[in-house]
Amino acid sequence: MMFMLGSLAVSLAVLVPLVGTLVRFRAHYNPKGLQLDSEGDVQPHTGPVISSYIGMLRRVHRIEGWPGLYKGLMPTLLSTLLITVFLMMFLSESNLRSGKYSAPDGGAVGILFYSIFAMLVSLPQVIITNRAITTPHKLPYFDAIYSLRILLTPTERRRPWILYLTPGLLATQVAHIAYVIIFLRSIRQLLLPELANPGMPRREEISPAKLVIFFVLALMSTVILAPLEVIAIRLSIQRNHAAPEFNSISQEEDGDAEEATEYAGADEDVIGLRTDREPYIGMVDCAKRIVDEEGWSALYRAWWLTTLGSLSGAFS
């Protein structure tokens with residue numbers, strides 16, 4: 001028990017700043033240098049320009065300090081503790097000793113449905129965590145009610161299930177899961193079935209040619225998976241307002257402003273966020289607007305982390 005809690009604390013201490021930086025880097029709205037306003041006049045972009053993951057990490061620390069790097073800690077900690085308690089209550093001792101938990105072996109279709117179910121259960125936590133990371137407001141660690149009033153719109157607080165109706169978010173998450181399980185996992189089982197066996201396979205059991213083919217396919221998958229991950233973050237931080245009514249967004253923004261009185265950065269925000277007044281209306285619309293407004297490179301921010309995730313996930 002003590003070893004598990006210690007490992008959990010060390011993992012969170014290291015991963016929370018890294019994941020938070022990744023979320024901010026991919027969520028940052030960085031339109032092209034010149035844009036047209038509503039009257040057709042050219043307007044230069046005046047927001048921060050962050051071009052690298054390390055640059056974002058340094059910017060967060062410079063503007064918000066260490067507390068800024070640990071934004072999103074509490075929702076991450078709570079969800080991790082719930083999962084840990086579940087594992088300790090319902091898994092066997094041998095599984096606990098192995099240090100990891102995998103989905104039940106029910107074939108590709110069974111694992112697909114299991115993964116989608118797990119995604120649905122965790123989706124509200126993912127949305128709240130991503131918004132906690134990207135909000136410019138300072139959030140207290142032990143006042144969940146206050147934080148939720150900042151992170152959720154009045155409509156979302158009255159009807160929490162509307163989070164599942166965030167335009168395009170579920171489709172993006174399902175597409176990502178389906179690609180990893182149906183394509184990458186199936187290719188691994190076809191080319192390298194030895195990796196599915198317990199323990200490390202012997203070198204002579206693995207074909208070098210098949211291993212190279214699998215690595216190439218996993219690397220090429222970044223072309224599809226990285227944009228899906230960027231789109232998922234963009235959609236998760238897009239707040240849901242009331243059904244289209246006259247000035248409904250302005251009314252909700254005015255109501256939220258009363259709760260948010262303290263900002264994490266003294267002089268400037270770490271990242272720029274796209275306005276809620278022109279929301280993405282779906283997964284494809286989000287991809288098109290990102291390309292039109294920010295360029296193709298915005299869809300591939302921190303692509304190398306996606307590549308590492310594809311390779312490591314395929315061998316798990």
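A charge is said to sit over a ring if NZ of Lys or CZ of Arg is within 6 Å of the ring centre and within 35 degrees of the ring normal. This is a predicted model, in which local features need pLDDT of at least 70 and side-chain atom pairs count only at pLDDT 80 or more, while totals for chains, interfaces and linings use all residues. Residues are numbered from 1 along each chain as its sequence is written, and side-chain values use heavy atoms, with hydrogens and water left out.

**Exercise 1. Charges over rings**

Determine over which ring the charged end of Arg274 sits.

Solution. The ring is that of Tyr280, and the charged end of Arg274 is 4.4 Å from its centre. A further case is Arg301, which lies over the face of Phe25 at 5.7 Å from the ring centre.

**Exercise 2. Aromatic pairs**

Determine how many aromatic pairs the model contains, and describe each.

Solution. Step 1: apply the criterion. Rings of Phe, Tyr and Trp (its six-membered ring) pair if their centres lie within 6.5 Å; planes under 30 degrees apart count as stacked, over 60 as edge-to-face and the rest as tilted. The count by this rule is two.

Step 1: take Tyr53 and Trp304. Their centres are 5.7 Å apart and their planes lie at 85°, an edge-to-face arrangement. Tyr53 belongs to helix 2 (residues 53-69) and Trp304 to helix 13 (residues 303-314), so that the pair links distant parts of the chain, 251 residues apart. Helices here are DSSP runs (H or I, at least four residues), numbered from the N terminus.

Step 2: Buried means under 20% relative accessible area, exposed over 50%, and partly exposed in between (1.4 Å probe, protein chains only). Tyr53, at 9%, is therefore buried, whereas Trp304, at 38%, is partly exposed.

Step 3: take Tyr179 and Phe183. This pair is tilted, with 5.1 Å between centres and 35° between planes. Both residues lie in helix 8 (residues 169-191), four residues apart, or about one turn of the helix. Tyr179 is buried at 17%; Phe183 is partly exposed at 29%.

**Exercise 3. The cavity**

Identify which residues line the largest cavity.

Solution. On a 1 Å grid over the protein atoms alone, a cavity is a set of points where a 1.4 Å probe fits but cannot get out, and lining residues have an atom within 4 Å of a point.

Step 1: list the lining. The residues are Pro17, Gly20, Thr21, Arg24, Val60, Gly68, Leu69, Lys71 and Ile133. Helix 1 (2-27) and helix 2 each give two or more of these residues, and the largest share, four residues, comes from helix 1.

Methods. On a 1 Å grid over the protein atoms alone, a cavity is a set of points where a 1.4 Å probe fits but cannot get out, and a pocket is an open set with protein on both sides within 12 Å along at least five of seven lines; lining residues have an atom within 4 Å of a point.
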